[in-house]
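Open the model in your viewer and keep the selection panel at hand. The stops below tell you what to select next and what is there.

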Amino acid sequence: MKNVQTSVDGNILTIKIDLTQDFGPSKSGKTQTIATTLGNKPVSRAFPDVRVGVNVYKKI
């Protein structure tokens, strides 16, 4: 994961992303990547069948 922090407290998933980060342009060159999970990732061991996929970007 790039610039994505997750935590589970009970049944609540919290996702933290620093919106000031920049990982460069996308392959198309139309957007700048701010954060990504790089696909769908498991939320936690307590919820093995639950996955999260996040992409945060801005237009160039």
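Stop 1: Select Lys-41 and Val-52. Val-52, in β5, is the bridge partner of Lys-41. Strands here are DSSP runs of E with at least two residues, helices are runs of H or I with at least four, and both are numbered from the N terminus. Two strands pair if DSSP finds at least two bridges between them. β4 and β5 (residues 47-52) pair in the antiparallel sense over three bridges. Two residues sit between β4 and β5 in this hairpin.

Stay on Val-52 and show its contacts, meaning heavy atoms within 4.5 Å. Beyond residues up to four places away in sequence, Val-52 touches Ile-15, Thr-37, Gly-39, Asn-40, Lys-41 and Val-43.

**Before going on: ground rules.** This is a predicted model, where local features need pLDDT of at least 70 and side-chain atom pairs count only at pLDDT 80 or more, while totals for chains, interfaces and linings use all residues. Residues are numbered from 1 along each chain as its sequence is written, and side-chain values use heavy atoms, with hydrogens and water left out.

**Stop 2: the whole chain.** Zoom out and colour by secondary structure. The protein has six strands and zero helices. From the N terminus on, the order is β-β-β-β-β-β. Along its principal axes, the C-alpha trace spans about 40 × 20 × 15 Å. Now colour by accessibility. Buried means under 20% relative accessible area, exposed means over 50%, and partly exposed lies in between, with a 1.4 Å probe and protein chains only. Of the 60 residues, 22% count as buried. Take the contacts between residues at least 6 apart in sequence: 40% of them join residues at least 24 apart.

Stop 3: Select residues 5-9 and 12-16. These are β1 and β2, paired in the antiparallel sense over five bridges. Which residue in β2 is the bridge partner of Gln-5? Pick Lys-16. Two residues lie between the strands of this hairpin, and Gly-10 takes a positive phi near 70°. Step back to Asn-3, in the segment before β1. Asn-3 is not a glycine, yet its phi is positive, near 60°.

**Stop 4: the nonpolar core.** Select Val-4, Ile-34, Ala-35, Val-43, Val-52, Val-54 and Val-56. These seven residues form the largest nonpolar core. Such a core is a set of buried Ala, Val, Leu, Ile, Met, Phe, Trp, Tyr and Cys residues joined through side-chain atoms within 4.5 Å. In soluble globular proteins, nonpolar side chains tend to be buried together.

**Stop 5: Thr-36.** Buried or exposed? Thr-36 counts as buried because its relative accessible area is 8%. Thr-36 lies in strand β3. Leaving aside neighbours within four places in sequence, Thr-36 is in contact with Met-1, Lys-2, Val-4, Val-54 and Asn-55.

**Stop 6: the largest pocket.** Show the surface. The largest pocket has a volume of about 160 Å³. Its lining is Lys-2, Phe-23, Ser-26, Thr-31, Thr-33, Ala-35, Thr-36, Leu-38, Asn-55, Val-56 and Tyr-57. β3 (31-36) and β6 (55-59) are the elements that give two or more residues to this lining. β3 gives the most, with four residues.

How is a pocket found? On a 1 Å grid over the protein atoms alone, a pocket is an open set of points where a 1.4 Å probe fits, with protein on both sides within 12 Å along at least five of seven lines; lining residues have an atom within 4 Å of a point. Grid points are joined across faces, edges and corners, and the volume is the space filled by probe spheres set on them.

**Stop 7: Leu-38.** Select this lining residue. Leu-38 lies in the loop between β3 and β4 (41-44). Its phi is positive, about 60°, although Leu-38 is not a glycine. Leu-38 counts as exposed because its relative accessibility is 52%.

**Stop 8: the β2-β3 loop.** Select Thr-20, found in the loop between β2 and β3. Thr-20 is exposed, at 68% relative accessible area. Asp-22 is in the loop between β2 and β3 too. Asp-22 counts as partly exposed, at 42% relative accessibility. Leaving aside neighbours within four places in sequence, Asp-22 is in contact with Gln-32 and Thr-33.
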